[in-house]
Each structure stands twice: as structure tokens, then as C-alpha cells.
Amino acid sequence: MLFVSFASFVSKALLVGIASTTAAQAEDKLRVGLMLPYTGTYAALGNAITNGFKLQVEGNGGKLGGRTVEFFTVDDESDPAKATENVNKLVKRDRVDVLVGTVHSGVAMAMAKVARETNTLMVVPNAGADELTGPLCAPNIFRSSFSNWQSSYAMGREVAARKHKTVVTLTWKYAAGQQSVDGFKEAFEKEGGKVVKELTLPFPNVEFQPFLTEIAALKPDAVFVFFAGAGAVKFVKDYAAAGLRTSIPLYASGFLTDGTLEAMGEAGQGLVTTLHYADGILNAQNQSFRLRYAKAYKVQPDVYAVQGFDAAQLLDIGLTAAGGDVTRRAELQKAMETAQIASPRGTFTLSRAHNPVQDIYLRKAEGKENKLVAVSIKALADPARGCKM
Ligand code: BEZ
């Protein structure tokens, strides 16, 4: 009898202990690790993602899932060689609850490896590496952006629809460039086109002249490229200066012209691209997002800012369902998996591999905007090849 009441005293004390640990944890700050490029060719992309993420957190009273956010930041320099060391600064040294990053596909794959090994919750706010929602997919890894396949597949169809038969591709030689070309080629060749030559240069080189000379000699019907950030500006200016804009039409996924049009000036005008965002999307979320972003940062947002904003929205949904407790994984992940994200790009859901299922827009550069021309493909889902989840 005495034993029974002692046992029940112990179990009650344990329950109270667990409850107060959980309550104390919920009162602790949520440690969010931002691993993004703040220097180098993708610096502007890292800054826009950070701004978008913080805009959402600030609109939420500085909280995610009811917990005040404390930020830890690492500049990954878009350098895969430093990626494992950098992500460990956040996971091991700063003991973050959540990893948010990054822009560069190669760096993101190294981050995902550490996130998988340590079971750290991770949201990718840009990097399109097909592997992240393919063979490297995992219950704790989510993406608020796109897959490399997804954003260029639509352009393959558009270029074929314009009756171009031969295309030369040019990109940086790393996962994002290669997979963008693969996605483009898959759609373009399915429609009867032919990619006659695939040209590459190392990331982040910008010595484009020999490639422009080769393109001029090959005389394809059109050119498809993947470039982004500062390198995209240099490429578009060089393409125009070489006189190719008037002779060989240039197409790309929209990373070429997002956040770069002002710097490109006249050379960027009229460029046709496909992407999961366009400046003039008419929905209430986009209008309010653009106003708030411009007021807070005195610049117009771009796709990267949208992806950062949506990474924070997605985390807020998951953490709210888990009472702010990152260890309540089943509830947290289920809420994220089934979320309807009210994004400035239009509402999207996640695929079984945790990649956005989203509309891809056809856009045309006019002034400082990538104007919406049409929906190129509605609710496009990445094929998630190799994802076993
Ligand atoms: C990537 O490396 O995945 C990437 C970088 C910049 C823009 C889009 C994709």
C-alpha cells in the first residue's frame, strides 16, 4: 500500500518534471541558424532571404510557434569546401534548434548531410539541388523554394513552343547549372527540339568571352542559360555587348533576371524567363508582402525574399502545431507536410518529398520588373526521383 502510494508519488513527480521541462523549453528562445552567402556572387540572394525571413518573424511579434527567435548567422560564401565546418558551427557550437539555408546547391547538400546525421530540422530557402528532395530526402528536411528541375523544365516547353529547334546551353559547372540544363533538355527534347551543345565554366567564373565566340560560330536557334546574382548581370551585359541579343534569342530560368534587372540596365530588357514568382502577381498576400518589404528595407523584393518569408511561414505552422517544442517531431512534421502556405507566389503545398508543388510563371523583363505574362505550368511537382520516404 505504502509502496503503491510512493510509486504514484514518483510517477506524478516525474510527470510534473516533464511538463515543466516542456514549458521551460517553450519559454526558452528558439535558436534559428541562418547559413547563407553574405559575400561573393550570391551575396544579394543571401541578404534577400534573410530580409524575407525576418520580415515574417517580425510580423509575428518576433516569434515562431509562440517562441521568441534568436538568430545565429554564418556566411557560407557559397563555398562547398567550407560547408561542413560552417554548418557544424551552427549545430555543434551554437546548438541551434533549426537550420535555415542555403543558396548554393553544393553547400546545401553538405548541410543536409549534417542535418540528417544530427536529426536537426532544416528548411532550404533557395538551393534547388534535385537530391534534397530526391535521394537525400528526409523527414526533417523541407524546402520553401524549388528544385532545379522544376524551374527550368517549364522553359524547355516554352522554347519548343516558340518553334526553336536547336539550342546551345551555357552554365556554371555545378549541380544547379547541370540540373537546370537537364530539366530544360528533358522538356525541350520531348517536344522535338535538340540541345546541340552543352557549354560550362567553373563556378563562379565570369570570363564569358570564349563561350560567346563559340555560340556565335555554332549559330543555334536559341540559347538557354543558368546564372544568378552578380554573375548573371555580367553574363547578360556581355551577351548584349557581343551583339548576340539581336541574332540569337536568350532564354533562362528566372534566376537570371530576379534581383538583377536594375544592374543589367538596357541589356536585361525584354528577357523572357520562367520561375515560381513574378513581380505583378495579383493576390492579397503578394500585395501586402511587397508593401511591407519595401517599407522595411527600402528596396523591392524578389524571389529570394519570397522564399525566405515562406521558410519562416512554414516553420511557424510546424512549431505552432507542436506547441513551440522542436522535439515534438511527429506533430511538427505532419503540420508542415500538410500545410497550405499562403505565399506571395500564390498558395502552395508540399510534395511527399517536402518540395513545393507550385505554379511556374512565364515572365518578361520590363523596367525593373519581371512582369507576369502567363502561368506556364500549373501546380508543377518535382518528380522526386530517388526519394524513399
Ligand atoms: C543553386 O545553387 O541551387 C542556386 C543558386 C542560385 C539561384 C538558384 C539556384
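On a 1 Å grid over the protein atoms alone, a cavity is a set of points where a 1.4 Å probe fits but cannot get out. Keep that in mind for the tour. You're looking at a predicted model, where local features need pLDDT of at least 70, side-chain atom pairs count only at pLDDT 80 or more, and totals for chains, interfaces and linings use all residues. Residues are numbered from 1 along each chain as its sequence is written, and side-chain values use heavy atoms, with hydrogens and water left out.

Start by colouring domain 1 (26-146 + 281-357) and domain 2 (149-275), bounds that come from an automatic or database domain assignment. Their C-alpha centres lie 28 Å apart. Where they meet, 18 residues of domain 1 are in contact (heavy atoms within 4.5 Å) with 19 residues of domain 2.

Now select the ligand. Where does the ligand lie relative to domain 1 and domain 2? Both domains give residues to the shell around the ligand, so it lies between them. The space it takes up is the largest cavity.

Next, show the 15 residues around the ligand (a heavy atom within 4 Å); Ser-105 and Ala-176 are among the closest.

Zoom in on the polar contacts (N or O pairs within 3.5 Å). Pick Tyr-174: a polar side-chain atom there lies 2.6 Å from a ligand oxygen. Then try Gly-128, with a polar backbone atom 2.9 Å from an oxygen of the ligand.

Technical notes: A polar contact is a pair of N or O atoms within 3.5 Å; within protein, one must be able to donate a hydrogen and the other to accept it, and residues adjacent in sequence count only if both atoms are side-chain atoms. On a 1 Å grid over the protein atoms alone, a cavity is a set of points where a 1.4 Å probe fits but cannot get out, and a pocket is an open set with protein on both sides within 12 Å along at least five of seven lines; lining residues have an atom within 4 Å of a point. A molecule sits in a cavity or pocket if more than half of its atoms lie within 2 Å of its grid points.
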